[in-house]
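Me: I would like to learn how to read a structure with several chains. Could you take me through some features, one by one?

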Amino acid sequence: MTATLPINRRPFDAGQTAYLALNAALLFFLLAPIAVVVVFALNPTPYISFPPVGVTLRWFHKFFAGADFMNALYLSLWTATCVLVLSIAIGGSCALALARGNLPGRGWLTAFFMSPLMLPAILTGLALFQSYLLAGIGRPVWGLILGHTLIAVPYVLRTTLAVLYNFDRRIEEAAAVLGASPTRVFFEVTLPLIRPGVFAGGVFAFIVSFDQFPVSLFLVVPNGETLPVVLFNYMKYDLDGAIAAASMVSILLALSVVLALEKLIGLKTHVKL
Amino acid sequence: MAWLITPALLLFVLFFVLPFGVMAVMSFFSANPVSNPNAVLTTRHYERFIEDSADIFHDALWATLRIGLVTTIVALLIGYPLAHWMARMQSRLGHALVLMAVIAPMLTGIVVRTFAWMTILQDKGVINTTLMSWSLIEKPLPLMYNEFGTVLALVHIYVPFMVLTLAGVIGRIDERLEQAARSLGAGRLRAFVEVTLPLSLPGILAGSLLVFALSISAYVTPSMMGGTQVLTLPMLIAQQVGTSFNPGFAGALGVILLLVSLVIIVAYNRILARLSGERGLA
Amino acid sequence: MSILRSISRRKALRIGAGLAAAAAMGAPAILHAQTRTLKITTWGGKWGEIMKATVLPAFEKEFKCNVQADQAFPFMPKLQASPRNDPLYDVLHTNSNEQWGALTEGLVVDKISVKDVPNIVDVFPYAVSDKIVGVSIFTSAIGLGFRTDKGLAKPTSWKDLADPKLAGARGGYIIPVNSLGQAHLMMLGKVYGKGLTDLDAAYRALEALKPIKLVDFTGQMEKMLLAGEVSMGVIHDSGVYRYDGTNQPVDFAIPSEGVLALEQVLNVTPGSKVKDLAFAYIDYMLRPNVQKVLAEGVWYSPSNKKVKLDAKYDAKLFTTEAKVAQLIQPDWKWYNARKDDIDARVTKILRG
């Protein structure tokens with residue numbers, strides 16, 4: 001990004017302060033419940049109470065010591081990673097086809113591919129469950145992964161389409177004029193430029209899969225449950241800090257994945273046109 | 001390039017169209033035809049919804065759309081400033097931090113998030129105990145188990161989606177356009193309203209569409225935050241599936257919800273395409 | 001991490017060659033041809049812990065089989081969607097209302113004979129009464145839980161819940177999804193009207209209970225009582241007694257009009273391929289030593305007359321003929337037939 005105009009040098013910028021204050025307040029709104037979760041995870045009382053009475057690590061202990069929890073955490077991470085890869089591949093290629101492929105009925109096709117977002121996931125889960133049973137395949141892990149992918153693809157599709165629609169084709173044309181083959185143009189010009197869209201979609205896909213509950217409810221098997229399912233069941237009987245501890249761990253893990261993704265792919269475009 | 005659509009098409013046909021085809025077909029049966037030989041073809045599930053003798057089904061549909069709309073608008077009002085701030089931020093570190101702060105709510109998990117809100121909103125929760133200890137109110141405010149609590153919790157989950165969508169679009173708007181307006185004499189606010197805002201319209205529409213679609217299909221959060229004061233169509237579907245042995249009726253409700261949503265989405269897409277096309281900028 | 005997969009080979013509807021190929025890919029190899037698998041459902045929480053830690057492993061060892069216990073509630077839609085001749089579960093563990101619903105759908109058998117489950121001969125009459133489908137292995141009593149530190153007198157009647165002083169501080173359940181809520185509704189008919197089936201009186205009484213805080217399941221009610229969100233609520237004795245020894249200011253009251261039974265019922269699916277194993281499991285769960293472990297673990301009243309509980313449990317739970325006679329068993333068949341209408345009506349009333 002080239003040089004901007006000089007920063008306003010007035011001693012007190014009311015507008016700027018209001019802007020920052022507003023954003024700080026909004027951030028507070030977003031983070032307040034998480035602060036509560038942290039307190040809950042460290043509070044010794046075995047139910048939600050406020051104000052907190054102390055600090056303890058026993059809930060984290062309980063979480064890490066529970067085989068159920070750990071297995072579920074691992075399964076959720078593994079599933080989410082597979083979903084991330086699959087949905088980027090499938091959603092990305094679908095977006096390219098829709099944006100560039102001159103397909104008939106593009107509007108309808110786009111709406112079609114977005115429709116999993118609008119349906120209550122419990123129906124998606126039930127429908128898939130019934131179909132799996134009818135087909136006689138039981139409930140394998142890949143069935144769970146594909147079920148999540150179905151729900152994740154619309155996100156990748158959306159964000160990638162947004163980037164593609166705003167794409168300035170002249171850059172590609174320039175590269176072609178300069179002698180690059182279509183393949184090279186695609187891999188060295190197009191793909192890097194749509195990366196932010198793909199990344200944003202990928203982040204969504206990972207999170208949506210990691211946090212997915214209703215579809216998983218129907219598609220998991222005993223001893224092969226994802227973390228949200230285990231937590232939900234746990235919560236029905238024991239509303240204690242273990243779920244808060246689980247939540248903290250999930251947040252930290254998922255955030256690391258997101259950060260890693262950002263390093264690899266990058267959300268902020270550093271190439272302005 | 002068109003052939004690239006094949007994997008998505010395959011995935012959707014096998015895992016979406018077919019299962020839902022099965023479910024839509026079943027919504028025309030009185031019971032599960034595969035397992036129950038007595039099942040007959042019937043439209044009574046749809047009739048039940050249209051008749052609505054107890055008056056709750058139509059209300060559920062309106063409640064669903066209403067909550068969806070309010071959630072979307074509030075999420076937009078909250079999400080836009082955050083997205084603008086994030087997109088315009090110069091420091092890479094600051095950007096990363098805000099990104100994490102925005103994404104974190106999405107990661108808390110559906111169960112814990114609700115309990116966090118319970119802690120904050122319930123009668124003995126943070127807000128009420130604080131306000132009462134400062135003697136600002138006498139009785140606890142009813143912040144939970146109603147539409148207010150539901151919308152609040154939904155907004156909280158969906159603002160990140162709005163922010164990430166908007167940030168991408170706003171980030172692509174050339175800042176120099178706004179600066180040009182400023183240098184021509186427009187105040188900051190005016191430059192924003194007349195330059196940046198219109199240019200970010202595609203993002204606003206895309207983000208709103210996403211949040212709306214998500215909030216009309218949500219049911220776990222409204223169930224936990226709304227008590228019985230809130231009954232949305234997805235909650236009704238979940239009840240029918242989980243406790244009423246009515247997959248046929250649930251399927252019919254799902255078909256109805258899907259049709260209503262598709263109509264809204266197609267309309268949105270038309271507007272979106274027209275507005276983007278009319279931009280006419282280089 | 002072990003992911004047990006259920007084997008299912010049916011020549012049933014196959015959706016396209018693609019799915020057939022995928023199925024061939026995904027269907028696991030035939031494993032454990034010697035060890036049979038018993039698929040059951042179970043609750044989570046403390047019950048689930050005890051089951052997984054001691055009860056189930058001992059069963060697996062004695063009967064040389066593998067037990068797959070599904071904890072992901074709800075079970076009914078899954079069972080309903082699975083094929084009749086290859087059901088998802090061999091043994092269904094749930095409450096009476098769902099067992100009756102399952103019976104209507106043909107998902108479970110009606111009665112279990114003493115030939116198949118010998119220990120039935122030792123159970124209290126309520127466990128195999130005509131209000132029961134299958135056999136009840138435990139029960140708890142639905143009554144009123146209350147806080148002891150709010151200056152409330154111990155409730156003596158169900159009508160005490162409607163006390164105006166408790167407005168906004170009483171708790172109930174979302175009736176369409178919770179059997180305690182459904183049982184409570186019927187109780188209102190008995191207390192304020194002509195009997196358990198007097199719905200008109202029940203609806204009027206429900207209206208008079210507003211404002212009331214409603215939750216989905218008993219775990220939430222427990223927490224509302226503990227946190228002081230409510231001062232009195234409908235709850236089963238197990239939900240209050242399990243905090244025995246933790247110094248929480250909550251207690252349980254048996255109203256004079258009676259308490260309702262919340263039975264834990266086991267039943268067998270007709271299409272089960274391991275029926276003998278299923279019956280053996282039910283018989284096992286009725287053994288006095290197994291009953292004692294679970295009863296004392298979660299404060300459930302055991303159905304086997306021969307169980308001898310430790311003194312503190314024996315004092316509060318329903319372990320004698322006389323005490324058990326106090327339990328009222330609602331007619332779930334009657335209720336389920338009207339459930340849709342009742343659900344719509346109560347939703348309307350409580351929506352405010």
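Me: How far apart do the C-alpha centres of domain 1 of chain C and domain 2 of chain C lie?

Reply: Keep in mind that this is a predicted model. In it, the C-alpha centres of domain 1 and domain 2 of chain C are 26 Å apart. Each of these domains is made of two stretches of the chain: domain 1 covers 33-139 + 262-319, and domain 2 covers 141-260 + 332-351.

Me: How many residues does the contact take from domain 1 of chain C, and how many from domain 2 of chain C?

Reply: Domain 1 of chain C gives 12 residues and domain 2 of chain C gives 15 residues. On the domain 1 side, helix H4 (residues 96-104) of chain C supplies the largest share, 5 residues. That side of domain 1 of chain C divides into 6 nonpolar, 5 polar and 1 charged.

Me: What does the domain assignment of chain A give?

Reply: Chain A is assigned domain 1 (14-56) and domain 2 (58-264). Their C-alpha centres lie 28 Å apart in chain A. The contact takes 9 residues from domain 1 of chain A and 9 residues from domain 2 of chain A. Where domain 1 of chain A touches domain 2, its residues are 7 nonpolar, 2 polar and no charged.

Me: How many helices and strands has chain A?

Reply: Chain A has 11 helices and 0 strands. Its C-alpha atoms fill a box of roughly 70 × 65 × 30 Å along the principal axes. Of the 273 residues of chain A, 51% count as buried. For contacts in chain A with a separation of 6 or more, 77% join residues 24 or more positions apart.

Me: Which residues touch the most other members of the largest nonpolar core?

Reply: The general idea comes before the case. In soluble globular proteins, nonpolar side chains tend to be buried together. Here the largest nonpolar core holds 176 residues, and A:Ala205, B:Tyr158 and B:Val163 touch the most other members. Helix H3 (residues 67-100) of chain A gives this core its largest share, 16 residues. Both domain 1 (14-56) and domain 2 (58-264) of chain A contribute at least three residues each to this core. There is also a second, separate core of 104 residues, and C:Val117, C:Ile235, C:Tyr300 and C:Phe318 are among its members.

Me: Which residues does A:Ala205 touch, not counting residues up to four places away in sequence?

Reply: A:Ala205 touches A:Val83, A:Leu84, A:Ser87, A:Ile88, A:Ala152, A:Tyr155 and A:Val156, with those sequence neighbours left out.

Me: How many residues does the contact take from chain B and from chain C?

Reply: An interface can be described in more than one way. Its size is often given as the accessible area lost when the parts come together. Counted by residues, the contact here takes 23 from chain B and 29 from chain C. On the chain B side, helix H1 (6-26) and helix H12 (233-243) are the elements that give two or more residues. H12(B) has the largest share, 4 residues. By class, this side of chain B has 9 nonpolar, 11 polar and 3 charged residues.

Me: Why is C:Tyr126 partly exposed?

Reply: C:Tyr126 is called partly exposed because it has 19 other C-beta atoms within 10 Å, while a buried residue needs 20 or more. C:Tyr126 lies in the loop between H4 and strand S4 (135-147) of chain C. Apart from neighbours within four places in sequence, C:Tyr126 is in contact with C:Ser136, C:Ala261, C:Val324, C:Leu327 and C:Gln329.

Definitions and conventions: Residues numbered from 1 in each chain as written. Chains lettered and ligands numbered in written order. Predicted model: local features only at pLDDT ≥ 70, side-chain atom pairs only at ≥ 80, totals over all residues. Core = buried A, V, L, I, M, F, W, Y, C linked by C-beta atoms within 7 Å. Buried ≥ 20, exposed ≤ 12 C-beta atoms within 10 Å, placed from the backbone. Domains from an automatic or database assignment. Contact = placed C-beta atoms within 7 Å. Nonpolar A, V, L, I, M, F, W, Y, C, P; charged D, E, K, R; others polar.
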